[in-house]
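User: Got a chain here that I'd like to walk through with you. Can you start with the overall layout and then get into the side chains?

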Amino acid sequence: MAAGKTSVGRALATRLDLEFADLDALIEARCGRSIPEIFETDGEAAFRDLEASVLAEALATHHGVLALGGGAAMRPASGELLRGGPIVWLRISEEAVARRLSGGRGRPMLAGVDALQRWRDVSAARESVYRDLSRWQIDADRGSPRAVARLITDMMEEDLLPVPKEKHS
């Protein structure tokens, strides 16, 4: 949460000349309601059911960059759909989150008295899944979305280079 998934995803799609889609926007379009409204009216469990369904559909039909909500990979079935894909984990520091959350609204998972503590708790619970599923991890604390997208494409290109053969004497 607050890592810049949508902004960086758009910049990455532009850089790669691919289509961009945001899972939260797809969910909102399907329901005709905002994510906070869905959480408030239907609850988190119903939202997660909907999210899993829209994710499966998006993965089957969208052939570009897809920005996922922070909890999208947490269901085992969703994680299995994502496994092996070109997944980028946008890592962000607590300090950057504090800056980005100040005055922010529309994050139902961070609702409550202490949004930063809630972020710590949620992030800790998700970290092992993110680590398991991501092919690349990138520091998304600094730089514009375009700069982060450039770092991602650089990392992808580096990852796809052939490994030099060892020289034997």
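Predicted model: local features only at pLDDT ≥ 70, side-chain atom pairs only at ≥ 80, totals over all residues.

User: What order do the elements run in, from the N terminus on?

Analyst: They go α-β-α-α-α-β-α-β-α-α-β-α.

User: And how much of the chain counts as buried?

Analyst: Of its 169 residues, 36% count as buried. The chain exposes about 10,300 Å², with carbon and sulfur atoms supplying 52% of that.

User: What about contacts between residues at least 24 apart?

Analyst: Taking contacts between residues at least 6 apart in sequence, 69% of them join residues at least 24 apart.

User: OK, cores. Which residues have the most contacts inside the largest nonpolar one?

Analyst: Leu90, Ile92, Val148 and Ile152. That core has 22 residues. At least two residues each come from α1 (5-16), α6 (94-101), α7, β4 (136-139) and α8.

User: Take Ile92, then. What is it in contact with, leaving aside neighbours within four places?

Analyst: Ile92 contacts Met1, Ala2 and Ala3, along with Val97, Arg100, Trp119 and Asp141.

User: Which residues does the second core include?

Analyst: Ile38, Phe47, Leu55 and Leu68 are included in that one, which is separate and has 17 residues.

User: Switching to aromatics. How many pairs turn up in the whole structure?

Analyst: A search finds 2 aromatic pairs. In one of them, the ring centres of Phe39 and Phe47 are 4.8 Å apart and the planes sit at 40°, so that pair is tilted.

User: Why tilted, and not stacked or edge-to-face?

Analyst: Because stacked needs planes under 30 degrees apart and edge-to-face needs over 60, and the planes of Phe39 and Phe47 are at 40°.

User: Are those two Phe residues buried or exposed?

Analyst: Phe39 and Phe47 are both buried.

User: And how do Trp89 and Tyr130 pair up?

Analyst: Trp89 and Tyr130 are edge-to-face, at 5.5 Å centre to centre with 70° between the planes. This pair links distant parts of the chain: Trp89 is in strand β3 (residues 88-91) and Tyr130 is in helix α7 (residues 115-133), 41 residues apart.

User: Why does Trp89 count as buried?

Analyst: Because its relative accessibility is 11%, and the cut-off for buried is under 20%.

User: What sits over the ring of Trp89?

Analyst: The charged end of Arg91, 4.3 Å from the ring centre.

User: Now Thr153. Where does it lie?

Analyst: Thr153 is in helix α8 (residues 145-160). It's buried, with a relative accessible area of 6%.

User: Which side chain does the Thr153 side chain make a polar contact with?

Analyst: That of Arg15, at 2.7 Å. Not counting residues up to four places away, Thr153 touches Leu12 and Leu16 as well as Arg15.

User: What else does Arg15 touch, besides Thr153?

Analyst: Ala149, Arg150 and Asp154, again not counting residues up to four places away in sequence.

User: How far apart are the C-alpha atoms of Arg15 and Ala149?

Analyst: They're separated by 7.3 Å, while the two residues are 134 residues apart along the chain.

Conventions. Residues numbered from 1 in each chain as written. Heavy atoms only, no water. Phe/Tyr/Trp six-rings, centres within 6.5 Å; stacked < 30°, edge-to-face > 60°. Buried < 20%, exposed > 50% of the residue type's maximum accessible area, 1.4 Å probe, protein only. Helix = DSSP H or I, 4+ residues; strand = E, 2+ residues; numbered from the N terminus. Lys NZ or Arg CZ within 6 Å of the ring centre and 35° of its normal. Polar contact = N/O pair within 3.5 Å; in protein donor to acceptor, adjacent residues only side chain to side chain. Contact = heavy atoms within 4.5 Å. Core = buried A, V, L, I, M, F, W, Y, C linked by side-chain atoms within 4.5 Å. Areas by Shrake-Rupley, 256 points an atom, 1.4 Å probe, with all protein chains shown as cover.
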